[in-house]
Amino acid sequence: MFGASAAAVARVTLPLLALLPLVQSNDNGLALTPPMGWMAWERFRCDTDCNDDPRNCISEALFRDMADRLSEDGWRELGFEYVIIDDCWMNRTRDRDGKLQPDANRFPSGIPHLAQYVHARGLKLGIYADMGRFTCMGFPGTTLDRITTDAQTFADWGVDYLKFDGCNSNALEQMLGYPLMSRALNATGRPMVFSCSWPVYVGSLPPEVNYTLLGDICHLWRNYYDIQDSWDSVQFLMDWFFNNQDFIQAAAGPGHWNDPDMLIVGNFGLSLDQSRAQMALWSIMAAPLIMSNDLRQLDNAARGILQNKGAIAIDQDALGQQGRRLLKEKSRIEVYWRPLVDSASAVVFLSRRSDMPFLYRTTLGKLGYGAGHYQVYDVFSESKLKTLNSTETFSVSINPSGVVMWHLQPMGRQDPGV
Ligand code: GAL
């Protein structure tokens with residue numbers, strides 16, 4: 001399709017689309033809760049220098065190390081199951097049969113071997129490709145005519161998850177390519193999670209983005225810009241997602257999720273309070289919990305935040321309903337809320353202040369709660385608080401750029417055990 005006009009692309013591809021079975025690739029029982037795992041990009045980028053930086057370069061050793069950590073340090077049991085290769089794993093050219101191939105120096109054992117290594121540890125392997133002529137970093141892309149081959153290659157290799165980026169393609173190619181890849185993955189018969197970067201490339205919002213269609217063909221999708229290792233970046237993303245909650249919230253549900261990008265907790269850019277804030281707000285958003293950090297050198301504080309069972313349980317709640325921002329107070333305190341199964345709910349109080357811990361006073365009634373008593377569990381202090389009546393004024397102390405996260409259960413119902 002290189003250089004082909006939009007009309008020519010459509011002439012070739014539209015009949016093809018009609019021939020393919022109308023089965024939805026995301027209707028395969030995968031990602032019923034937001035995917036969890038680890039991905040290379042934010043932390044390790046396109047470091048291909050295995051001579052000078054052997055521990056951090058994009059190589060099979062890096063993914064083996066992360067699989068070891070996920071399986072030995074308690075992550076897998078908490079649900080962190082995908083080890084995801086991002087850009088820069090490929091050789092600069094396809095092989096003689098036109099198939100993608102890994103860089104032979106950095107992946108000498110090949111991807112099937114790596115998949116076996118990951119599977120042997122009870123984990124799953126994700127890989128990256130790009131709907132376009134080249135990946136974002138200039139490696140071979142998946143043009144429309146290559147989609148079936150690449151889907152089959154990934155299935156043959158034992159891949160369980162595909163992140164399909166959209167650099168170096170136009171809107172028409174994307175419109176054709178994403179549904180085609182969804183069907184091609186499905187046609188391989190191997191269940192694979194399909195992560196689409198499509199919305200990022202077409203403006204992120206309706207009418208340019210059809211979230212209903214996305215939910216039919218993708219298990220998750222990157223709506224907006226890449227995360228970077230800073231609190232500014234976390235705030236920029238959370239603000240976009242909550243400012244646009246009326247457009248995107250309804251698109252999320254079991255099997256189809258908005259993706260505000262990776263968790264950067266454990267890197268260099270966030271304080272502990274900001275790390276709790278990212279974990280809390282991603283969980284309110286029902287976001288995929290995909291870390292990009294160095295699991296070989298996480299400190300205990302970062303590990304504790306990422307492995308917090310209460311936050312994970314909220315993120316992974318079976319109702320699968322994405323939460324919302326309820327309030328932005330003049331005091332620069334914000335309140336976020338997410339409904340959970342069995343009439344439970346989660347609330348996050350976020351401070352945008354930069355002075356001192358702020359004492360915020362309110363009632364559950366003011367936050368929209370119906371009459372009654374609620375059992376409150378504080379997620380990050382891991383303690384049950386006193387029971388609250390919806391009309392009773394309470395106060396919470398919220399650190400600068402920090403959160404307080406609560407799980408609430410109406411009294412008289414089963415304890416969720418978080
Ligand atoms: C970007 C994408 C990132 C990463 C990068 C690789 O477009 O959003 O998450 O995959 O490409 O080149």
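Where is the place of serine 204? Serine 204 sits in the loop between α8 and α9. Helices here are DSSP runs of H or I with at least four residues, strands are E runs of at least two, and both are numbered from the N terminus.

## Basis of the model

This is a predicted model: local features need pLDDT of at least 70, side-chain atom pairs count only at pLDDT 80 or more, and totals for chains, interfaces and linings use all residues. Residues are numbered from 1 along each chain as its sequence is written, and side-chain values use heavy atoms, leaving out hydrogens and water.

## The α8–α9 loop

Serine 204 has a phi near 70°, a positive value in a residue other than glycine. Proline 207 also belongs to the loop between α8 (198-201) and α9 (211-217). A cis peptide bond links proline 206 to proline 207, with omega about 5°.

## Two domains

The protein chain is assigned domain 1 (6-315) and domain 2 (324-410). Such bounds come from an automatic or database domain assignment. The C-alpha centres of domain 1 and domain 2 are 32 Å apart.

The size of an interface is often given as the accessible area lost when the parts come together. Between domain 1 and domain 2 the buried area is about 2000 Å², with carbon and sulfur atoms giving 58%. Buried area is the accessible area (1.4 Å probe) that two parts lose on being put together, summed over both. Three residues, Asp273, Ile284 and Ile314, supply 30% of the area that domain 1 buries against domain 2, more than any other three.

## Contacts across the interface

Contact (heavy atoms within 4.5 Å) involves 25 residues of domain 1 and 21 residues of domain 2. The rule finds 12 residue pairs in polar contact across this interface, both residues at pLDDT 80 or more. A polar contact is a pair of N or O atoms within 3.5 Å; within protein, one must be able to donate a hydrogen and the other to accept it, and residues adjacent in sequence count only if both atoms are side-chain atoms.

On the side of domain 1 that touches domain 2, the elements giving two or more residues are α10 (231-243), α11 (245-248), α12 (272-284) and α14 (309-315). Helix α12 gives the most, with 9 residues. The residues of this side divide into 12 nonpolar, 8 polar and 5 charged.

## Salt bridges

The structure holds 23 salt bridges, each a side-chain nitrogen of Lys or Arg within 4 Å of a carboxyl oxygen of Asp or Glu. Across the interface of domain 1 and domain 2 there are 2. Aspartate 239 pairs with arginine 352 in a salt bridge, their closest N and O atoms 2.5 Å apart.

Glutamate 72 bridges to arginine 69, with closest N and O atoms 3.2 Å apart. Both lie in helix α3 (residues 60-72), 3 residues apart, about one turn of the helix.

## Ligand surroundings

The residues around the ligand (a heavy atom within 4 Å) include Trp41, Tyr128, Met137 and Lys163. Aspartate 165 places a polar side-chain atom 2.9 Å from a ligand oxygen. For tyrosine 201, a polar side-chain atom lies 3.3 Å from an oxygen atom of the ligand. Arginine 222 has a side-chain N or O atom 3.1 Å from a ligand oxygen.

How values were computed: Ala, Val, Leu, Ile, Met, Phe, Trp, Tyr, Cys and Pro count as nonpolar, Asp, Glu, Lys and Arg as charged, and the others, Gly among them, as polar.
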